[in-house]
Protein chains: 2
Amino acid sequence: MPRAKLNIGLFGCGTVGGGVFELLHNPARRQKLAAVGVDALVSKICVQNVAKDRGLRHFSAAETTLTSSYRDILEDPRINCVVELMGGVDDAKDVVFGAIRAGKHVVTANKALVANFLPEIEQLLAEHPDVRFGYEAAVAGGIPIIHTLQGAYDSDTITEIAGIMNGTTNYMLSKMEAEGVAYDAVLKEAQDLGFAEANPSADVDGYDVQSKIAILAKLGFGGVVKPADIPTVGISRISAADFEYAKMMDSTIKLLGVAKLLKPADEKTGAPQEVTVYVSPVVVKHSNVIASISGATNLVNVRSDNLDSSAYVGPGAGRFPTANSVMNDIIQLARGDAPLDPFKTPVPLTLQPDYEAHFYVRITITDGLGVIRHVGQLAEESGVSIYSILQAPIVDRANVQFVVTTETSLLSKVRSMCQKIAALPFVQEEPLYLPIM
Amino acid sequence: MPRAKLNIGLFGCGTVGGGVFELLHNPARRQKLAAVGVDALVSKICVQNVAKDRGLRHFSAAETTLTSSYRDILEDPRINCVVELMGGVDDAKDVVFGAIRAGKHVVTANKALVANFLPEIEQLLAEHPDVRFGYEAAVAGGIPIIHTLQGAYDSDTITEIAGIMNGTTNYMLSKMEAEGVAYDAVLKEAQDLGFAEANPSADVDGYDVQSKIAILAKLGFGGVVKPADIPTVGISRISAADFEYAKMMDSTIKLLGVAKLLKPADEKTGAPQEVTVYVSPVVVKHSNVIASISGATNLVNVRSDNLDSSAYVGPGAGRFPTANSVMNDIIQLARGDAPLDPFKTPVPLTLQPDYEAHFYVRITITDGLGVIRHVGQLAEESGVSIYSILQAPIVDRANVQFVVTTETSLLSKVRSMCQKIAALPFVQEEPLYLPIM
């Protein structure tokens, strides 16, 4: 694709959209961009309310017009690139699909759209080979992880991608660890500070990470993974006690999205590669770089044959980090460098819901003689070997928590063991089980 | 640049060269590369001794010939790409410059060559606009930091690049911290293990990092920085005691290359940007991600306006990590994606040898009454404000070490203070002074 002047139609002009506009139209930056061969301009902005003041410092009515009609952009032949920053899925899908069908390049930050409609987008792009599709901002805000996975692993084989990809929950977990605060208190604080939504489910229940790891799994392994098929556990059951036990293990707890190659494709039988993908709080050793990422920062760690382990760390959200990633897609487009295969070559993949790990199992009981014997028996029945038992000093004999860690076990076996343990009369709730990394 | 079949002339077939050959010629990988549009092959290998067995598993005399003559490659019109992995500077320079002059693309891992001849290479490339130049492997082994700095910061402004870019010294410092081992012992161990050279100067005296930070400074700020102009301090004076004092400060010590924007260009006066570049052991807080990187791993941390802080972590050396970076350059070339401006647009730059920081100053004395008063007086005379004084329990009164930390001070003032302190009768040696990050 040769270099081209980009006439951009921008959908959405909120935090990120406004940031992109400012980065593109600021005269000093414009000069710098021109110097690297980038000629791009927002010609039209589509917003619900054209009368609302967007506070754009570099807005000029001579260059940019506001509209509230999608068609005003999608049917404008001078516009050759649509930047979708509206959020949501339904309208955004109409816009993005409409733009591709109209032969316009697309840049989007919409992780839910990309994750949930990845096969349809891939298909549409195959039908419109001149259209380029950028989505660097959809995963891990300011970290250039999409471009890196697109370009830096072609002669390598990725075996695992694991990341902290939600700043809100990482902030909450860091706070719980550092200050021993309870989950409810730290959630309220995050809401008061505007980090967490009034309805925090997308963050704390792991759905945000679910979309992101689905996208990274496609880039890492080539196969489409439906977000809904990814076993997803959020952080709402993590308590201050879990951090105490993690500390005894010289570890902390991080909400991770993980995609892991279990078995490569078998050339002889033609069996496709087996990959497991999950979202869960994970017990991570302090010596692991993942444990050192606190606050709203994100990290993506990639394990591969040639590089062993590489990590990419940066801001996971925010106006300018996310806008910068959108800009990097726009710059690639304008310079003619955008990849032809934004989702990499399709490779068949079998999603395996079960995986092996050491597990951390926290059990809450109302005292009870012979507890360890019972738990040991159920572990044996479930085919799970116990590695260690941790017990902090007991304060309240009617409400005792202790932790069992397992040898390498299948998730399904640990789950089955926990269900059996939950049925014991002196056990208060289903045990919490987390993989240990 | 359109996609093209690459006929590669490989110079050097040792650890990295052999790794590149295997990655390119392994049939399974070759198939994967073909799938992403990469058609590349090593047609000729230039080595000193063509008779020596290189242990190349996928070598075929039908595809590749060995030669000991540079001209055999440089004068072969079918070869359109030279991959230089010989090391050293003199011969490598002849090869690389000869290749560019002959209109062949160049990929090299040679940091000393790139750092020391950067203006000449930039000039040559300007004279040969069809030649592309890749050097991803020259800095931080397997970390894709060159491509990232080339492509991910065009709409951003970088304010600081700081990195752990020498695995040998990071291994040594990590070991000293973890086990309280003395410098000499850990150096001997690193030599016995083959991590450190018999003559370890390039590593322990910081010259290796000096070349690398010179290259990153060019990519970050656009201006050429001569390696010889970079104030460079190695790790040979770091002692187990320094790690004890760092621990009191909840910190550790890392050998960093740092390039930092002190003052942006002044549009009114036309004064160029002021940048400081140095190599030094630095006292780094444990909460900083830089402190969490132990062993032979490398890290590059980039501070910028849009992203605040981003870090890239990975293996700093080794056969396949380095070969993988060389491959990424080859893949860019073969796909026609190699950047036209591999060193970014030239921007004038004034190198400022002085910079401000808090400093750590370790003073060794033979006891002495009134030491603190004397030191305080010399600090005052030098215009340095003392922030804290740390003193571990004294074991040997004839050989006492203590640490002074300063308020934000200019390096030149701290140096002058240390020279004055060194002249005091009860002071044993010139104080060690390190910036605190």
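**Figure 1. The open parallel sheet of chain B in the predicted model.** In this predicted model, 6 strands of chain B form an open sheet in the order 3-2-1-4-5-6, with parallel pairing. The edges of this sheet are strand 3 (65–67) and strand 6 (133–134) of chain B, each of which pairs on one side only. Strand 2 (residues 40–46) of chain B runs parallel to strand 3 of chain B, and the two pair over 3 bridges. Within strand 3 of chain B, B:Leu66 is the residue that stands opposite B:Ile45.

**Figure 2. Helices packed on the sheet of chain B.** Helix 4 (residues 90–101) of chain B lies across strand 1 (6–11), strand 4 (81–84), strand 5 (105–108) and strand 6 of chain B, and runs at about 165° to strand 4 of chain B. Helix 13 of chain B also packs on the sheet, where it touches strand 1, strand 2, strand 4, strand 5 and strand 6 of chain B, and its direction makes about 160° with that of strand 5 of chain B.

Figure 3. Leaving aside residues up to four places away in sequence, B:Asn324 touches A:Ala152, A:Ser155, A:Asp156, A:Asn306 and A:Leu307, together with B:Leu23.

**Figure 4. The open parallel sheet of chain A.** In chain A, 6 strands form an open sheet with parallel pairing, and their order is 3-2-1-4-5-6. Strand 3 (65–67) and strand 6 (133–134) of chain A stand at the edges with a single partner strand each, so one side of each has no neighbour in the sheet. Strand 1 (residues 6–11) and strand 4 (residues 81–84) of chain A pair in the parallel sense over 4 bridges, and A:Phe11 has A:Glu84, in strand 4 of chain A, as its bridge partner. Helix 4 (residues 90–101) of chain A packs on this sheet and touches strand 1, strand 4, strand 5 (105–108) and strand 6 of chain A, its direction making about 165° with that of strand 4 of chain A.

**Figure 5. Salt bridges between the chains.** Over all chains, the count of salt bridges comes to 42. One of them is formed by A:Arg335 and B:Asp341, whose closest N and O atoms are 3.3 Å apart. This pair crosses between chains, from the loop between helix 13 (319–334) and strand 12 (349–351) of chain A, which holds A:Arg335, to the loop between helix 13 (319–334) and strand 12 (349–351) of chain B, which holds B:Asp341. A:Arg335 is buried at a relative accessible area of 9%, and B:Asp341 is buried at 18%. A network of salt bridges also links A:Asp154, A:Asp341, A:Lys344 and B:Arg335.

**Figure 6. Salt bridges within chain B.** B:Lys218 and B:Glu122 meet through their side chains in a salt bridge of 3.0 Å, N to O. These residues belong to distant parts of the chain, 96 residues apart, with B:Lys218 in helix 11 (residues 207–221) and B:Glu122 in helix 6 (residues 118–127) of chain B. B:Lys218 is buried, its relative accessible area being 1%. A salt bridge of 3.9 Å, N to O, joins the side chains of B:Glu160 and B:Lys260. Because B:Glu160 lies in strand 7 (residues 158–164) and B:Lys260 in strand 8 (residues 251–263) of chain B, this pair ties together parts that are 100 residues apart in sequence. B:Glu160 counts as buried at 11% relative accessibility, whereas B:Lys260 is partly exposed at 30%.

Technical notes
Residues are numbered from 1 along each chain as its sequence is written. Chains are lettered from A and ligands numbered from 1 in the order in which they are written. This is a predicted model: local features need pLDDT of at least 70, side-chain atom pairs count only at pLDDT 80 or more; totals for chains, interfaces and linings use all residues. Side-chain values use heavy atoms; hydrogens and water are left out. A salt bridge is a side-chain nitrogen of Lys or Arg within 4 Å of a carboxyl oxygen of Asp or Glu. Buried means under 20% relative accessible area, exposed over 50%, partly exposed in between (1.4 Å probe, protein chains only). Two strands pair if DSSP finds at least two bridges between them. Contact means heavy atoms within 4.5 Å. Axes are lines fitted to C-alpha atoms, for helices over the stretch in contact, and angles run from 0 to 180 degrees between N-to-C directions.
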